[in-house]
Amino acid sequence: MNIPSNIVTLLIGVTITLVSLWYGQNHGLLPIAASEEALQVDGIFNFMMTIATGLFLLIEGALIFMIFRFRRNEGDETDGPHIEGNVPLEIVWTAIPAVIVFMIAIYSFEVYNQMGGLDPMAAGDTGTQEIAHHHSPTGNANLIALDSNGSEIALGLGSSPERAEDQTLMVEVNGIQYAWLFNYPDTGILTGELHIPINREVNLKIKAGDVLHAFWLPEFRIKQDAIPGRETQLTFTATRLGEYPIVCAELCGAYHGGMKSTLYVQTQEEYDQWVQSNTLAQTEPLKESVATNPAPTSQEQFLEPFVEQMGVEAETVNQLHALHHEM
């Protein structure tokens, strides 16, 4: 039975479309999505993966078909027909990529806007400002003075306009070789780990104490440079409880690979408990600290728990005591 070529083409197109749609949503190439921003970024990635899969199947399938359909017959040493120029075909294969790129650009722009990337207080950058300009008498050289104090307007992802700023948790992040330090201005907590409550917007104000670093949360799909002398921002909302790695994504020195920390996403109750315990630990007067001022004990009382852990019995101690006096 001869099937019309139009039907065959239609069936191939439907098959490629279905396979592309399925693989674009089930590729499993990304880690767990743990934030609202991750879901939006994953949407772009899945969209591009769907298009890439369709193009791969279409192009590679056409190449394989051509290899068998137009292979040289045995004994045929002649040249193939000379074909040059096909304006409609060139228009099609130029227009299709242009439309795809245009769609991805609009989609990416919309997601970036929803993530706060167009917030003027977060994404705007005046850079260094020229404050003096001098022309050389010869006209060949100019002297320019630049204002390096351009750190008032931060770079990065800002807060969504729909959210109330007083509900945002503010955390100051300082990247130094080779550690991340987190300061909570509202409570005065300074720690090497980041603790945040789930489903609450968090705003990180990121700085670098020495060289360039990059604050990266793979499960949250966000990354922001830490620049010496400048402040960058990163705003996100965690949607999944758990522990997630914080990685420096900028080669910052010999021990760059060891510059890691952990982000703990907790329930509001767990986060409040962590804040309370760390606030007390960091604000309690040192003279009242049990660790620095242990209760007065005798030498025997102080050594008793260590002797028990060593497995030394009382008879052994008595024998050693007797031998000591005999000697």
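This report describes the fold, helix packing, nonpolar core and selected loop residues of one predicted protein model.

## Basis and overall composition

The model is predicted, so local features need pLDDT of at least 70 and side-chain atom pairs count only at pLDDT 80 or more, while totals for chains, interfaces and linings use all residues. Residues are numbered from 1 along each chain as its sequence is written, and side-chain values use heavy atoms, with hydrogens and water left out.

The protein has seven helices and 13 strands; these are DSSP runs numbered from the N terminus, helices being H or I of at least four residues and strands E of at least two. Of its 327 residues, 27% are buried. Buried means under 20% relative accessible area, exposed means over 50%, and partly exposed lies in between, with a 1.4 Å probe and protein chains only. Contact means heavy atoms within 4.5 Å. Among contacts between residues at least 6 apart in sequence, 68% join residues at least 24 apart.

## Packing of α1 and α2

Helix α1 (residues 5-25) packs with helix α2 (residues 36-69) at an angle of about 140 degrees, and their axes are 8 Å apart. Axes are lines fitted to C-alpha atoms, for helices over the stretch in contact, and angles run from 0 to 180 degrees between N-to-C directions. The crossing of the two helices is right-handed. A crossing is left-handed if the near helix is turned anticlockwise from the far one by less than a right angle, and right-handed if clockwise.

On the α1 side, the contact is made by Ile-16, Val-19, Ser-20, Leu-21, Tyr-23, Gly-24 and Gln-25; α2 contributes Asn-46, Met-49, Thr-50, Thr-53, Gly-54, Leu-57 and Leu-58. By class, this contact holds seven nonpolar, seven polar and no charged residues. Here Ala, Val, Leu, Ile, Met, Phe, Trp, Tyr, Cys and Pro count as nonpolar, Asp, Glu, Lys and Arg as charged, and the others, Gly among them, as polar.

α2 has 34 residues and reaches 49 Å from its first C-alpha to its last, close to the 50 Å expected at 1.5 Å a residue. The expected span is 1.5 Å times one less than the number of residues. Buried residues of α2 include Glu-37, Asp-42, Ile-44 and Ile-51. The buried residues of this helix pack against α1, α3 (87-114), β10 (222-226) and β11 (232-237).

The 28 residues of α3 should span 40 Å, and its end C-alpha atoms are 41 Å apart, which agrees. In α3, Ile-100, Ile-104 and Val-111 are buried, and the buried residues of α3 pack against α2. Just after α3, Gly-116 takes a positive phi of about 90 degrees.

## Nonpolar core

The largest nonpolar core has 36 residues, of which Leu-194, Leu-204, Phe-215 and Phe-220 touch the most other members. Such a core is a set of buried Ala, Val, Leu, Ile, Met, Phe, Trp, Tyr and Cys residues joined through side-chain atoms within 4.5 Å. Strand β8 (residues 201-208) gives the most to this core, with four residues.

Not counting residues up to four places away in sequence, Leu-204 touches Val-171, Val-173, Leu-194, Phe-215, Thr-232, Gln-233, Leu-234 and Phe-236.

## Loop residues and backbone exceptions

Ser-35 lies in the loop between α1 and α2 and is buried, with a relative accessible area of 0%. Leaving aside neighbours within four places in sequence, Ser-35 is in contact with Glu-219, Phe-220, Thr-237, Ala-238 and Thr-239. Ala-249, in the loop between β12 (242-248) and β13 (260-266), is partly exposed at 36% relative accessibility. The C-alpha atoms of Ala-249 and Phe-215 are separated by 6.6 Å, although these residues are 34 apart along the chain. Beyond four places in sequence, Ala-249 touches Ala-214, Trp-216, Lys-223 and His-256.

Most residues other than glycine have a negative phi, and most peptide bonds are trans. The peptide bond from Gln-177 to Tyr-178 is cis, with omega near 0 degrees; Tyr-178 is in the loop between β4 (169-176) and β5 (179-184). Asn-199 has a positive phi of about 60 degrees, sits in the loop between β7 (194-197) and β8, and is exposed at 54% relative accessibility. Arg-221 has a positive phi of about 60 degrees and is found in the loop between β9 (213-217) and β10. Arg-221 is buried, with a relative accessible area of 15%.
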